[in-house]
Every structure is written in structure tokens, then in C-alpha cells.
Amino acid sequence: MEKRHIYMDNAATTPLSQPVWEAMLPWLREGYGNPSAVYRKGREARRAVEAARRQVAIALGAASHTEIFFTSGGTEADNWAVFSGARLALARGKTRVVTTAIEHKAVLESVRTLEQLGVSHTIVGATGDGVVDPAAVEAALGEDVGLVSVMWANNEVGSLQPVEAIGRLCRQRGILFHTDAVQAAGKLPIHLQELPVDMLSLSAHKFHGPKGVGALYVRGGTALPPYLHGGGQEHHRRAGTENVAGIVGLGEALAQAVAHLNEHSRALTRLSDRLLEGLLQIPGSHRNGSGSRCLPGIVNVSFEGVEGESLLLMLDLDGIAASSGSACTTGDPAASHVLLAMGIPEPLAKGSLRLSLSADTTAAEVDRTVEAVAHIVHKLRGYTMKS
Ligand SMILES: *Cc1c(COP(=O)(O)O)cnc(C)c1O
């Protein structure tokens, strides 16, 4: 059999695109100036950073580029929003934060850590489709709540959350609202000027940009304190010498993603439907997630009587890269916290497979993957029957 490599884990990370690489290259080499420096090399780097900031602001429909702050990735943006959002809330006498059971660990673990600072939390559950009901969030709100964090698109099952409705509930009550849009940015239209969102996180490597760079949008007028302390970079909000090449890559990658958004979205929807249809023909398969409210490109299916980890290892032998959920929990045999929060029984949650596509995925790759999964599921069930 010829050696094939099929990459079906684009929700974990994506390859850097050629134009992004080309945009970054000068800033990794001759453009090494520190953007804070006064001489020419510094000023050039500063201009590149500010051009990227404008690209991000435009791509997100923000009112101003001064609302965009660069970070070391999605995790830092989420931590900043949660910790500094909670500090801002505390200063207003609010001691509770509300989030959901399907958040990425970058939000969930941050919220849990707030306990040490005397900030309590309420974790709202999700429906069986992986969607958070605004009424459930509303029921959790109260006079003591100062911050709400609800993700835009879930990274494991692709379910889209009603961020606009939830944001409106928060705004009516003067509560800060943060959304982790790491999976949504570059894949769904975002017009921040029209949304009741105060803070939004994104990460370049999820849309063909480089790893280790992200951004936090902070609505103008929000007195969000810094999370990293030191120099005066990012208007005294985020200290540390800017990752110039990374920031340039982020700006370019997001601009490209948004420019091709409709075209990519149509292609991804077609391919995801084809993939799902193929996988659901395997006996004992169950789709995890929402049929109607789903990010195109993420397909999550559970197989009865199959361990997700074994399935992944055998797919890897077949040259197919996939995931059982979030990359952070791979290697840990515990069932996904997201699938459990959706009420999926533990054995099925442990038999889950997440395939995530990109605009580079082909129909042939989808068909080859369905074939491989069907074959492996059959084989794994055979082993279980014999033992
Ligand atoms: C990948 C991811 C993150 C973390 O982003 P990093 O840049 O890898 O730190 C946070 N939230 C979601 C939803 C993600 O998919």
C-alpha cells in the first residue's frame, strides 16, 4: 500500500499557508528591529505590527484598531479575559463568574483558578446537541455576577453558541461578556460593532497562521487591566517585546481567511456532509453535535464498542491524523468533558472521533478516511468480541 498522509485535525492546528509564510519571512530575518526602538529598523517593525492590527480590526468588524491586543495565542487571550475581567468585576463589587461546561480548558481552568482570588463561579450545562441555552445562562445571572464567558464555536463538536443572545443578556445587566472565538475566527462572519461582545479571543494557528500568536479584542472603553506586567507595549496593556513576524502572520492569515470565507465555508459544508454521511453508514455510529448549528469542517462521531484511542492509533498507522476531541486531552484516557456535559454516556464518549477539515481537504481524502474508519471500527469490534 502506498504511504498516504491525510490531515484531518485542523481544529487542533492548521499548516501555515504559503502567502502567510512569505509575509512573515522578512520579519524573521532582516526586519529584526524592536518595534519600541526609535531608529529606522524599529519604526519599520512598528509599522508592520500596526498594519497587522488594522487587518485584524477590519476582519473582525471592530470599531478601531486600538481595540486589538496581540497575545501569545488563544490560551493567553482567554486567561487575560478571565483573570483581568474578574479583577475588573471585583473592583465593581462583583464576585461571581458564569461560564459553560463545554468551554476550552483555557477558560474552564482559569475560571476554576479564580476561586483562589475569592471569585466563585457557576458552570452552565449544554443541551445534548452541545449548545448552551441562553435561558440557562440567564438563570445563572445575578447581582453578584461581573463576567460571563461563553465560546463562539465548540472545538470538539463544532456546535455554535448563541453568543449574540447571551451577550445581550449581559449587556442589559452591565455584565462583561467574553467569547472564545478561537474556532470561529476566520471561519464565520464576525462584525463586532454590531455585537454585544466586550472581549473576544482568537489564535492564528487555527486559520493557517503561525503558532504562538493570538489576539484579544477589548471593546473601547473597557478598562481591562493588564495580565502580563512589564514594559509599555500594546498601549500598556500587554507587556513584552512584540512577536513581529507572528503578528504579521496573524494579520495576513486572518485577512486571507476572511477574504475566502464564503467560498471556503461552502466547500467545507459540502465535504463535512459527505464525511458525516459516510461515517453514519457504519453500524453503531452516532453523531455528536448539532445538525443545524454547526461550524462547517468539524465532524464528531462515536462508535459503539470502540475505544477512541485505539481508533486514533490505527488511523495513524493508515497515515490519517485525527483526534478524539481536544488535543490537550489526547493521551489521557478520560472521556471528553464536552461530550459528558452533553449527556453522552461514558462508553460512547470514549469511542468518539473528531475529524476536522480545512479548505485544502479533498473529496478523495474524505472518501479514503471513511473507508479507513469503517475498516478499523469493524476490526476493533472483532478484537473485542474475541477477547
Ligand atoms: C485551540 C484553542 C484554544 C487555545 O489556543 P492556543 O493558541 O492553542 O493557545 C482555545 N480555545 C479554543 C476553542 C481552541 O480551539
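**Salt bridges and the ligand shell**

Modeller: Happy to! Let's begin inside helix α2, which spans residues 40–60: Arg46 and Glu50 both sit there, four residues apart, or about one turn of the helix. Please keep in mind that this is a predicted model. Arg46 and Glu50 form a salt bridge, and their closest N and O atoms are 2.9 Å apart. Arg46, at 26% relative accessibility, counts as partly exposed.

Now let's turn to a pair in which Glu76 and Arg238 make the salt bridge, with 2.7 Å between the closest N and O atoms. This pair links distant parts of the chain, since its members are 162 residues apart: Glu76 belongs to helix α3 (residues 74–91), while Arg238 is in the loop between α7 (233–236) and α8 (244–259). Both Glu76 and Arg238 are buried.

Next come Asp198 and Arg171, a salt bridge whose closest N and O atoms lie 3.6 Å apart. Asp198 is in the loop between β6 (176–180) and β7 (199–203), and Arg171 is in helix α6 (residues 163–172), so this bridge ties together parts that are 27 residues apart in sequence. Asp198 is buried, with a relative accessible area of 11%, whereas Arg171 is partly exposed at 41%. Some bridges also share partners: in this way Arg46, Glu50, Arg53, Glu234 and Glu242 are joined into one network. The structure as a whole holds 15 salt bridges.

With the bridges in place, let's move to the ligand. It is surrounded by 13 residues, and the closest are Thr75, Asp180, Gln183, Ser203 and Lys206. Sorted by class, the shell has eight polar, three charged and two nonpolar residues.

One belongs to Thr75 and lies 2.6 Å from an oxygen atom of the ligand. Another, from Asp180, is 2.7 Å from a ligand nitrogen atom. A third, from His205, is 2.9 Å from an oxygen atom of the ligand.

Terms used:
Residues are numbered from 1 along each chain as its sequence is written. This is a predicted model: local features need pLDDT of at least 70, side-chain atom pairs count only at pLDDT 80 or more; totals for chains, interfaces and linings use all residues. Side-chain values use heavy atoms; hydrogens and water are left out. A salt bridge is a side-chain nitrogen of Lys or Arg within 4 Å of a carboxyl oxygen of Asp or Glu. Helices (H or I, at least four residues) and strands (E, at least two) are DSSP runs, numbered from the N terminus. Buried means under 20% relative accessible area, exposed over 50%, partly exposed in between (1.4 Å probe, protein chains only). A residue is near a molecule or strand if one of its heavy atoms lies within 4 Å of it. A polar contact is a pair of N or O atoms within 3.5 Å; within protein, one must be able to donate a hydrogen and the other to accept it, and residues adjacent in sequence count only if both atoms are side-chain atoms. Ala, Val, Leu, Ile, Met, Phe, Trp, Tyr, Cys and Pro count as nonpolar, Asp, Glu, Lys and Arg as charged, and the others, Gly among them, as polar.
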